[in-house]
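This briefing covers charged pairs and a surface patch. The structure comes first, the notes after it.

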Amino acid sequence: MSAYAHKKDVPGPDEATPVSHKVRITLTSRNVKNIEKVCADLKASAIEKNLKVSGPVRIPTKKLRITTRKSPSGEGTNTWDRFEMRIHKRLIDLHATSEVVKQVTAIEIEPGVEIAVSIV
């Protein structure tokens, strides 16, 4: 046996090995049902492809509040309207190549769900 590896065993510059990236998928929505359905679909398709998946991580809900007077003139009884919009956020991390991520994210997305894909 020699101390050197044979040429067949050493990958050369011609052989391209797929590079695995850590991909973070961020989902935001005002509707909890829609965002949970998209999360379940993403996770199921990633597990189907034998990927390492962590999540969905539930980020605390943002509550955007506006309090305004009911009367437009400012006269009369001081009555107030309180409006609130809740924004839900989920994070899913995948360890995969860019080709596989394209296949996983090619699912049907519910209306009102925004998706951001970034490489960490």
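Which residues form a nonpolar patch on the surface? In this predicted model, the patch consists of Ile109, Ile115 and Val117, with about 220 Å² of accessible area together. Elsewhere, a search of the whole structure finds seven salt bridges.

**Nonpolar patch**
- Valine 117 lies in strand E4 (residues 113-119).
- Its relative accessibility is 47%, so valine 117 counts as partly exposed.

- Aspartate 93 pairs with arginine 24, and their closest N and O atoms are 2.9 Å apart.
- Aspartate 93 sits in strand E3 (residues 80-96) and arginine 24 in strand E1 (residues 21-29), so this pair links distant parts of the chain, 69 residues apart.
- Aspartate 93 is buried at 11% relative accessible area, whereas arginine 24 is partly exposed at 27%.

- Glutamate 36 and arginine 90 meet through their side chains at 2.8 Å, N to O.
- Because glutamate 36 belongs to helix H1 (residues 32-48) and arginine 90 to strand E3, the pair ties together parts that are 54 residues apart in sequence.
- Glutamate 36 is partly exposed, with 23% relative accessibility, while arginine 90 is buried, with a relative accessible area of 6%.
- Glu36 and Arg90 are also linked with Arg58 in a network of salt bridges.
- Lysine 37 and aspartate 41 form a salt bridge of 3.3 Å, N to O.
- These two, lysine 37 and aspartate 41, are four residues apart in helix H1, so about one helical turn separates them.
- Lysine 37 is partly exposed at 42% relative accessibility, and aspartate 41 is partly exposed at 27% relative accessible area.

How values were computed:
Residues are numbered from 1 along each chain as its sequence is written. This is a predicted model: local features need pLDDT of at least 70, side-chain atom pairs count only at pLDDT 80 or more; totals for chains, interfaces and linings use all residues. Side-chain values use heavy atoms; hydrogens and water are left out. Patches are made of residues with over 30% relative accessible area and no salt bridge: like charges are joined within 9 Å, nonpolar side chains (Val, Leu, Ile, Met, Phe, Trp, Tyr) within 5 Å. Accessible areas come from the Shrake-Rupley method with a 1.4 Å probe; for residues, only the protein chains shown count as cover. A salt bridge is a side-chain nitrogen of Lys or Arg within 4 Å of a carboxyl oxygen of Asp or Glu. Buried means under 20% relative accessible area, exposed over 50%, partly exposed in between (1.4 Å probe, protein chains only).
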